[in-house]
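I kept my notes in the order in which I looked.

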Amino acid sequence: MTTQQRSVVHNTFQIERQLAAPPSKVYSYWAVPELKAQWFKGPEGWEEGPYLLDLRVGGSERSSGSRDGGPVFRYEATFHEVVPDERIVSTYNMFMDDTLISVSTSTVELVPDGDGTRLTLTEQDAYLDGNENGADRSAGVTWHMDNLKALLDG
């Protein structure tokens with residue numbers, strides 16, 4: 001019988017975007033499930049599971065999906081601070097099928113900048129047992145932020 005080798009790798013990254021919409025509109029794209037679902041989704045060919053969003057302190061967000069019959073990736077978040085039009089702080093777990101692959105803290109800051117908004121997303125991650133890595137996570141979150149920017153910049 002072999003024992004599984006356990007490991008944890010920590011990573012922090014930050015993404016900034018200048019958006020052509022005021023903070024109230026940007027916030028609505030985080031807070032309204034139908035709006036968030038437009039940009040917080042998988043790439044082409046991704047089979048989406050149910051999506052749930054309850055943006056309030058103590059509220060949660062849930063999504064899942066897979067590609068080509070592969071493993072199901074599941075996102076489960078809890079909101080710890082919500083300041084409408086200004087800041088959202090959450091923690092989330094990522095699963096691959098039933099295996100916990102990472103635990104993260106995410107902070108979204110919205111700052112008025114002229115007629116638009118400067119969005120800063122900072123993420124601190126712990127990747128577990130070699131099942132995920134910082135480059136892939138950063139690329140995925142960057143892809144989501146680019147989707148949001150495209151929607152808001154029209």
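I looked up α1 and α3 first, and they are oblique to each other, because angles under 35 degrees count as roughly parallel, over 145 as roughly antiparallel, 65 to 115 as roughly perpendicular and the rest as oblique. Helix α1 (residues 23–31) packs against helix α3 (residues 134–153) at about 130 degrees, with the axes 11 Å apart. I note that this is a predicted model, where local features need pLDDT of at least 70 and side-chain atom pairs count only at pLDDT 80 or more, while totals for chains, interfaces and linings use all residues. Residues are numbered from 1 along each chain as its sequence is written, and side-chain values use heavy atoms, without hydrogens and water.

For the contact (heavy atoms within 4.5 Å), I found Lys25, Val26, Tyr29 and Trp30 of α1 meeting Met145, Leu148, Leu151 and Leu152 of α3. These residues divide into 7 nonpolar, no polar and 1 charged.

Of its 39 lining residues, Phe40, Met94, Arg137, Gly140 and His144 are the closest to the centre. The largest share of the lining, 7 residues, comes from α3.

How values were computed: Axes fitted to C-alpha atoms, helices over the stretch in contact; angles between N-to-C directions. Helix = DSSP H or I, 4+ residues; strand = E, 2+ residues; numbered from the N terminus. Nonpolar A, V, L, I, M, F, W, Y, C, P; charged D, E, K, R; others polar. 1 Å grid on protein atoms, 1.4 Å probe; cavity = no way out; pocket = protein on both sides within 12 Å on 5 of 7 lines; lining within 4 Å.
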